[in-house]
Amino acid sequence: MVVVDIETTGLNPLQSSIIEIGAVDFYNPENQFNERCRIRDNAFVNPMSLKVNGYTVNELRNVNYQSEKELLINFISWLEDISRRTLAGQNVNFDLEFLNATKDRENVEWNFGRRVVDIHSIAYTHMESRGIAPPLKDGNSKLNGDSIMKYVGIPPEPKPHKGINGAIYEMEALYRLMFNKSCFDEFKQYNLSF
């Protein structure tokens, strides 16, 4: 399993661009991927997305950054040494859609698979199995990354959001949900809250 978190310029993978990819090898957490790229010239940029990840348009158009295609190729190269590559993360279908759209647009051969491990689903069922009602809004789950971090006993991911921070925090949350213990030394000071 690979815990992945992608920052982008918007929500539509056909129109927007990847900004950065952060990833952690679940079975070897010291093996991490953390790179960013410049955005395509014709990429849609949502100002709200940039507010979330803290980048500026001028910064993201820096010609000294690698291209989106180069970033994807580097990520795939990193993945090749991992035997169990099922993607995992919070709202990981979003990340998978961006990876696939970028792969197709840039004519890069790779199979990211269809099946993923969504931390939301694991946290939701974890709560239900303990008789804890997950938070709802209009009758639907409103468990987000911050509320999952709180549930497992760690602080929310630092802001602005960065891909590697998201991957590390999501990895820690998933590890706690699965094994009832901490993964990374930096989180050992925080007790499990369930």
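User: Where does Asn 107 sit?
Analyst: In the loop between helix H4 (92–105) and strand S5 (117–118); helices (H or I, at least four residues) and strands (E, at least two) are DSSP runs, numbered from the N terminus. This is a predicted model, where local features need pLDDT of at least 70, side-chain atom pairs count only at pLDDT 80 or more, and totals for chains, interfaces and linings use all residues. Residues are numbered from 1 along each chain as its sequence is written, and side-chain values use heavy atoms, with hydrogens and water left out.

User: What's phi for Asn 107?
Analyst: Near 55°, a positive value in a residue other than glycine. Asn 107 is exposed, at 67% relative accessible area (buried is under 20%, exposed over 50%, partly exposed in between; 1.4 Å probe, protein chains only).

User: And what about phi for Asn 180?
Analyst: Also positive, near 55°. Asn 180 lies in the segment after H7 and is partly exposed, at 44%.

User: Switching topic: which peptide bond is cis?
Analyst: The one joining Lys 159 and Pro 160, with omega about 0°. Pro 160 is in the loop between H6 and H7.

User: OK, how many residues are in the largest nonpolar core?
Analyst: It has 26, and Phe 26, Met 171, Leu 174 and Phe 184 have the most contacts inside it. Such a core is a set of buried Ala, Val, Leu, Ile, Met, Phe, Trp, Tyr and Cys residues joined through side-chain atoms within 4.5 Å.

User: Which helix gives the most to this core?
Analyst: H7, with 9 residues.
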